[in-house]
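Here's a quick walk through one model, written for someone who likes to see the cut-offs. Have a look at the structure first, then read on.

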Amino acid sequence: MDRHSRRQFLKTLGFAAASAGVSSLLPSCAGMGKTAKVREKRPNIIFILADDLGYGDLGCYGQKTIRTPNLDRMVAEGMRFTDHYAGSTVCAPSRCALMTGLHTGHCWIRGNALLPLRPEDVTVAELLKEAGYTTGIIGKWGLGEASSTGIPNKQGFDYWFGYLNQRHAHNYYPEFLWRNEEKVLIEGNKLPAPEPGGWGRSVERAIYSHDLFAQEALSFVERNREKTFFLYLAFTIPHANNEAGQNGMEVPSLEPYADKNWPNPQKGHAAMITRMDSDIGRLFGKLKEIGLEQNTLVMFSSDNGPHKEGGGEPTFFRNSGPLRGYKRDLYEGGIRVPMLARWPGKIKPGAVSNHVSAFWDFLPTCCEFAGVPTPQGIDGISLAPTLLGLPDRQNKHEFFYWEFHEQGKKQAVRMGDWKGVRLNVAKNPDGPIELYNLKDDIGEKNNVADQHPGIVAKIAEYMKLSHTPSEHWPLTNKA
Ligand SMILES: [Ca+2]
């Protein structure tokens with residue numbers, strides 16, 4: 001089905017076909033046969049994404065030093081997922097998986113490259129827009145440059161403000177940002193020399209882009225308060241400015257850590273996280289103030305594990321918590337991330353779910369809440385039953401798959417409590433698979449592949465089946 005006919009299909013069949021699914025799950029919709037009534041009950045959806053925030057970076061995931069009182073309160077009032085995975089171990093493919101509901105063996109963008117989303121790629125924003133949602137993205141996109149088919153306004157977003165380019169997003173004092181298709185100059189920020197992409201380290205530093213994003217988010221919910229909206233709030237912190245050497249953890253103020261006896265980059269890292277946390281607190285305050293708290297599902301996650309860039313040192317605060325590895329690893333520390341969800345009256349306060357889930361589950365979850373059919377052929381499974389406290393009705397994944405196209409190429413599979421990791425795939429596509437039992441060994445310390453050849457063979461089969469050939473993302477040197 002081409003894009004046009006898919007749109008027609010959604011328009012003609014959408015709500016009638018899907019309303020049964022939603023009304024069967026949402027207690028307040030039970031017994032409502034009328035599509036219009038189901039539509040009235042549909043929640044606003046806000047997905048907040050942090051950049052390079054680790055599994056151990058939040059108080060609610062065991063962090064002892066960095067303060068995150070608002071996210072900790074979000075957990076107390078909502079749900080925390082113990083076993084949620086990002087789409088990838090770096091930015092672009094992780095965001096592609098989030099937007100398209102496909103894992104990195106199937107999705108169009110499987111690594112950090114300047115490859116735009118195509119017209120035929122169907123995003124969650126596009127589906128929600130078709131369903132009548134007002135859609136917005138604020139922050140970092142990374143899935144298409146200016147004038148390409150991949151810009152947010154051509155991928156289902158009514159409103160867009162932020163960085164298109166991921167390297168541009170390293171510079172937190174940018175000379176410009178994008179508002180829809182318009183380049184907006186940010187007064188008072190200046191690079192030492194003209195640089196068309198906008199990356200580098202600004203010498204004049206008046207406006208911190210994250211602060212603009214936090215303010216834009218408040219404005220977006222305020223001006224769309226009468227509508228049903230989807231906001232994808234893709235914050236850029238606590239990523240590093242890689243162009244700034246050891247001074248890459250840039251933040252306007254090191255408070256509340258300025259007096260600590262820590263290296264400056266670590267103060268910056270902690271201050272960024274606490275700054276983001278307080279902005280999320282302001283957003284919750286705004287939702288309450290304008291009366292949208294009860295009808296808004298807010299989710300929070302991170303696009304990959306913590307980094308070792310720009311002076312960042314993930315061992316300092318144990319940013320991965322008990323997990324092994326960091327960004328660019330397919331060990332748990334690179335891909336297992338915090339996931340929080342809050343929806344007063346629907347999600348039970350203080351709930352903890354160990355349902356294993358991943359970024360590709362977000363699109364079908366939104367489809368279910370919006371009352372539109374989930375497109376065929378995606379990899380995700382709706383999390384709605386888990387969120388609504390009906391774990392017995394939650395469909396589970398047979399397995400999860402990741403492929404990564406840097407550092408000699410890597411593959412990983414999670415299957416139940418088992419985790420398989422294959423390194424150096426380009427050189428040796430049938431090479432050895434490391435096997436870990438996450439139930440007893442969450443830190444992936446003991447490779448037990450020799451003791452379980454049957455499990456290893458099954459994982460090898462999943463790795464083979466999950467990779468669809470791509471001219472842009474060959475796994476081996478030949479194919
Ligand atoms: Ca990232």
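## Strand pairing

β1 and strand β8 (residues 296-302) pair in the parallel sense over seven bridges. Two strands count as paired if DSSP finds at least two bridges between them. Strands here are DSSP E runs of at least two residues, helices are H or I runs of at least four, and both are numbered from the N terminus. On its other pairing, β1 runs parallel to strand β7 (residues 229-234), joined by five bridges. I45 shows up in both: its bridge partner is L297 in β8, and F230 in β7.

Before going further, a word on the ground rules: this is a predicted model, where local features need pLDDT of at least 70, side-chain atom pairs count only at pLDDT 80 or more, and totals for chains, interfaces and linings use all residues. Residues are numbered from 1 along each chain as its sequence is written, and side-chain values use heavy atoms, with hydrogens and water left out.

## How covered is β1?

β1 spans residues 44-50, and seven of its seven residues are buried (buried is under 20% relative accessible area, exposed over 50%, partly exposed in between, with a 1.4 Å probe and protein chains only).

## Helix α7

α7 (residues 264-289) has 26 residues and reaches 37 Å from first C-alpha to last, close to the 38 Å expected; the expected span is 1.5 Å times one less than the number of residues. Of those 26 residues, 19 are buried. Just after α7, G291 takes a positive phi of about 80°.

## Cysteines

How many disulfides are there? The count is zero, taking a disulfide as a pair of cysteine sulfur atoms within 2.5 Å. The sulfur of C366 is too far for a bond because the closest cysteine sulfur, in C367, is 7.1 Å away. C366 is buried, at 2% relative accessible area.
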